[in-house]
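Here's a quick briefing to read with the model open beside you. Take a look at the fold first, then work through the points below.

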Amino acid sequence: YNPLLITGTSGVGKTHLVHAIGNAIVDASGGTTRVACVHAQALVDELIAAIQDGSVERWRNRYRAADVLLVDDVQFLAGKERTQDEFFLVFNALTEAGKQIVLSSDRPASEIPELASRLRSRFEGGLTTEINPPDRALREQLVARFLTALGRPATPELLDVVCDPSVQSVRELI
């Protein structure tokens, strides 16, 4: 699916998943696939610098040269009209060339305020998948792994106490 948009609240592992996708693609290709992984705010900052020093075409070419573009926290493009215009051009060039785009966001494209309708349409044209907060079984696995890494026993009693309350973020567990 192109693009793949991964959504979920803060702390559910979107960034980890995006990085894992990039690493898996590089590994599977033996290092020959060019993967560009960038946080949306860095994309914005780079474009601002490129505008100021007159190197916008170099900025475009940098991302167009990627075989796979991974953009984390794409909701940070909201309200940034020039960045959205430039990203739209890069997005189109990549998809027309058959290259993969993976995005992450804290919400679906339809809920990102001030996102240009043409970008919203492009984002929704692929697959949107949501990562939910961890259920009890996953909480137990994560806490047990964390405790084991610390050399501590993951007793059923301890897991009951730590993992019983529901959490919205994996960060709340540790």
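Which residues are exposed on the other side of helix 1? They are His 16 and Asp 27. Keep in mind that this is a predicted model. The rest of the briefing goes from that helix to the sheet and then to the nonpolar cores.

**Helix 1**

- Helix 1 covers residues 14-28, so to speak a run of 15 residues, and spans 21 Å from first C-alpha to last, close to the 21 Å expected at 1.5 Å a residue.
- Its buried residues are Lys 14, Val 18, Ile 21 and Gly 22.
- Those four sit on the same side of helix 1 because they cover an arc of only 95 degrees around the axis.
- What do the buried residues of helix 1 pack against? Their partners are strand 1 (4-7), strand 2 (35-39), strand 3 (68-72) and strand 4 (100-105).
- Just past the end of helix 1, Gly 30 has a positive phi of about 70 degrees.

- Five strands make an open sheet in the order 2-3-4-1-5, and the pairing is parallel.
- Strand 2 and strand 5 (127-130) are the edges, each pairing on one side only.
- On average, neighbouring strands here are turned by 15 degrees against each other, direction ignored.
- Helix 1 packs on this sheet, touching strand 1, strand 2, strand 3 and strand 4, and its direction makes about 150 degrees with that of strand 1.
- Strand 3 and strand 4 run parallel and are joined by four bridges.

**The nonpolar cores**

- The largest nonpolar core has 29 residues.
- Tyr 63, Leu 69, Val 71, Val 74, Phe 87, Leu 103 and Phe 123 have the most contacts inside that core.
- At least two residues of this core come from each of strand 2, helix 2 (40-53), helix 3 (56-64), strand 3, helix 4 (81-96), strand 4 and helix 5 (117-124).
- Which residues does Tyr 63 contact, leaving aside its neighbours within four places in sequence? Tyr 63 touches Ala 36, Val 38, Leu 43, Glu 46, Leu 69, Val 90 and Leu 94.
- There's also a second, separate core of seven residues, which includes Leu 4, Ile 6, Val 18 and Ile 21.

Technical notes
Residues numbered from 1 in each chain as written. Predicted model: local features only at pLDDT ≥ 70, side-chain atom pairs only at ≥ 80, totals over all residues. Heavy atoms only, no water. Expected span 1.5 Å × (residues − 1). Buried < 20%, exposed > 50% of the residue type's maximum accessible area, 1.4 Å probe, protein only. Arc of directions from axis to C-beta. Contact = heavy atoms within 4.5 Å. Pairing = 2+ DSSP bridges. Axes fitted to C-alpha atoms, helices over the stretch in contact; angles between N-to-C directions. Core = buried A, V, L, I, M, F, W, Y, C linked by side-chain atoms within 4.5 Å.
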